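Hello,

My notes follow below it.

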Amino acid sequence: MPDPVVVEGLTRRFGDFVAVDHVSFGVGQGEIFGFVGPNGAGKTTTIKMLTCLLRPSEGTARVADHDVRTEAKAVRQRIGYMSQMFSLYGDLTVDENIRLFGSLYGITGAHLAERRDWILAMADLTRRGDRMTRELPLGWKQRLALGCAVLHEPPILFLDEPTSGVDPTSRRHFWDLIYRLAETGTTVLVSTHYMEEAEYCHRLALMHRGRLVALDRPDRLRRDLQQPVLEVLTDDPARAVEALRDAPGVIEAAMFGRAVHVMVADEAAGLEDVARRLAAAGRRVTAVRAIAPSLEDAFVALVRRQGVAAVE
Amino acid sequence: MSAWRLWAVARKEWIQLRRDTRSLALAFALPALLILLFGYAISLDVRHIPLAVLDHSHTPDSRRLVEALVAPRYFTVTTTLTREGELDDALRTGRVRLALVIPPSFARDLAAGRGAPVQLLLDASDANTATIAQNYADAIVARYSLAVGGRAVVLPVDLRTRVWYNETLESRNMVVPGLIAVIMSIIAAMLTALTIAREWERGTMEQLAATPVHRVEVVLGKLVPYIGIGFVDVTIAVVTGRVVFHVPVRGDLLLLAALTLLFLLAALGWGVFLSAALKSQLLATQAALITTYLPALLLSGFIFSISAMPLPLRVITHIVPARYFVTITKGIFLKAVGLETLWPEVLALAAFSAGGLGLALRSFRKELG
């Protein structure tokens, strides 16, 4: 049995702009496969090609052992899709939305009733089937959208930034549902720009400017980052980054929330050097300490390495 | 193609439409309003034109001339003047549209049989009304002359006109049938543009596209409720025309229904195409209004006669589907003609509806952007 998703040299151009540039990967059954990277990296375009919403310019992709170019209908029957934008009908009730998507997937009668109950229970919407969908809080809407996407129990599920805009509690709830689906054998491909979500994935594809920069397990991606990372707490992180960026011994300095993460060549020298430089620049430094690199640090380093490679 | 999926799309569309007060008002109130507006207010008939009389003669003869003028009810004497100086004021202020001046010598000249001149002043700022009024006045005065001439005159050619199909020459008899085409155009243009472009704007079209639903099922499914509304509107138009305006309905109503469907498919298909191509409610609505409603109003022969248009416009009318439908509705309403006469129009409409639906389906095949 071939992998649920097999992608080879997949490319999409919009005029001169290459949105996805010869991307290849495979996803195994029951795997939660994450796409991460900045906006415009090609995550959404890749997902749209795999869901037959966009035609590839080059390369091949097989989803559920069907070609996305020539067997779109077979692919659509076997996948669930949830887009970035909430895209159920706001002016239909919860039940009416479920019934519509059920009909489109050919699910009716007792089977539909059973799936409806399952979705309502999953999305915490039991006894709220007659509520107008647009009146639901965003977190509930997204769980309902997930329910409609898996109404026909597809073996493969595509989620394009499914949790953007929802609060962390709802996000965690949503990921519990994704885990439950994966445990029952559903293959999940999900894009996100939340790093904490990326940690939940079994494997991550880091995309940057249309290219696949790295593809591995989150822990391995972190471990591969060999440079030590220092966390600096200071009164003005933006100015601190400026002061450190071109300093000798500093590989990369970036803001992470209210802290500054500094990647240095040598940990001991770096600790001393960074504090001194910031003091010289007139910054008040509360703490400088070595930390375990986060996934985001790993990505910054990987993208930087990619950039250097491109320049060379 | 699955009838079940098509039906699912149609049912969803109907539920949405039912909850959308704005679209519903557009679908039912606007046609009713248009019928009443065109039927009552915009009457193209010339009747009871206000007339001023300046009678210097003050004789039974002059009074008979005035009576002859107002008898057919084309004119009504609203002002009686006593001095020449008041004429200009009465016409300029618009109190009257025409003024009749009878000189003091009128009765004497008439009795002497030497030709009695009377003067008719016309306000031609509305050229159409002025021309018609002049024709009526000419005819009435000519008949009066013959009657008072004393001796019988035999004219070599005796023209006897009879008006057919719209015997009372009432413009609403041709306005109401033509209006159906205009109303259908609005329904098709506005509603499909609004509701389909909305799906692109909100991203629901993409969600539909990711399901196994076929584009034929989406397009036809979405059209079903609007075809239903179109038929309700035609019924409103026919019943209002018959009951309120006494417009004769002489032809086959079933044929009218079938051809209405043909016209609706053309117009709805065009609306779907516009909204799929433009993907914005605002743009699609404006484009729909300009490309369907305006031509239906101006270039269909509904109000302005096509044969009176300059050649370039006459050529353009051939690509206005409403033109064919106006011919069909007038033919069925007033002349009771059937397919044996209307077949060229029916063929043209069939071509337009095939084209409209074809464009709509084509625009859906294009990948989502």
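**Notes on the model**

Pro103(B) is partly exposed, because 17 other C-beta atoms lie within 10 Å; a residue is called buried with 20 or more other C-beta atoms within 10 Å of its own, exposed with 12 or fewer, and partly exposed in between, with C-beta atoms placed from the backbone. Before going further, please note that this is a predicted model: local features need pLDDT of at least 70 and side-chain atom pairs count only at pLDDT 80 or more, while totals for chains, interfaces and linings use all residues. Residues are numbered from 1 along each chain as its sequence is written, and chains are lettered from A and ligands numbered from 1 in the order in which they are written.

**Loop residues**

Back to Pro103(B): this residue sits in the loop between β3 (98–102) and α5 (106–112) of chain B. Helices (H or I, at least four residues) and strands (E, at least two) are DSSP runs, numbered from the N terminus. Leaving out residues up to four places away in sequence, Pro103(B) touches His56(B), Ser57(B) and Pro117(B), where a contact means that the C-beta atoms, placed from the backbone, lie within 7 Å. From Pro103(B) to Ala322(B) there are 219 residues in sequence and 53 Å in space, C-alpha to C-alpha.

Lys279(B) is not a glycine, yet has a positive phi of about 55°. Its place is the loop between α10 (253–278) and α11 (281–298) of chain B, and Lys279(B) is partly exposed, with 18 other C-beta atoms within 10 Å. In chain A, Asp124(A) has a positive phi near 60°, again in a residue other than glycine. Asp124(A) belongs to the loop between α4 (109–122) and α5 (138–149) of chain A, and counts as exposed, with 12 C-beta neighbours inside 10 Å.

**Chain A overall**

Chain A has 11 helices and 14 strands. Of its 312 residues, 44% are buried, and its C-alpha atoms fill a box of roughly 75 × 45 × 35 Å along the principal axes. Among contacts between residues at least 6 apart in sequence, 67% join residues at least 24 apart.

The chain is divided into domain 1 (5–222) and domain 2 (226–292), with bounds that come from an automatic or database domain assignment. Taken over C-alpha atoms, the centres of these two domains of chain A are 38 Å apart. For chain B, the assignment gives domain 1 (3–42 + 170–365) and domain 2 (49–148), and their centres are separated by 48 Å.

**Sheets and helices of chain A**

An open sheet of four strands runs in the order β2-β1-β4-β5 of chain A, with antiparallel pairing; strands pair if DSSP finds at least two bridges between them. Its edge strands are β2 (17–27) and β5 (66–67), each pairing on one side only. Inside the sheet, five bridges join β1 (5–14) to β4 (58–63), and Thr11(A) has Glu58(A) as its bridge partner. Helix α1 (43–50) lies across β1, β2 and β4 at about 115° to β1(A); axes are lines fitted to C-alpha atoms, for helices over the stretch in contact, and angles run from 0 to 180 degrees between N-to-C directions.

Strand β6 (79–82) of chain A is covered on both faces: Ile79(A) and Tyr81(A) are buried on one side, Gly80(A) and Met82(A) on the other. Four bridges pair β6(A) in the parallel sense with β7 (156–160), and Gly80(A) stands opposite Leu157(A).

What covers the buried residues of helix α9(A)? Among the elements that do so are β11 (229–234), β12 (250–256), β13 (259–264) and α10 (267–280) of chain A. In α9 (237–245), the buried residues are Pro237(A), Ala240(A), Ala243(A) and Leu244(A). They fall within an arc of 120° seen down the axis of α9(A), so they line one face of the helix; the arc is that of the directions from the helix axis to the C-beta atoms. Ala238(A) and Arg245(A), on the other side, are exposed.

Six bridges pair β12(A) and β13(A) in the antiparallel sense. In their hairpin, with two residues between the strands, Gly257(A) has a positive phi near 65°.

**Where the chains meet**

The contact takes 20 residues from chain A and 19 residues from chain B. On the chain A side, α2 (72–78) and α3 (94–104) each give two or more residues, and α3(A) gives the largest share, five residues.

Best wishes

Note on methods:
Two residues are in contact if their C-beta atoms, placed from the backbone, lie within 7 Å.
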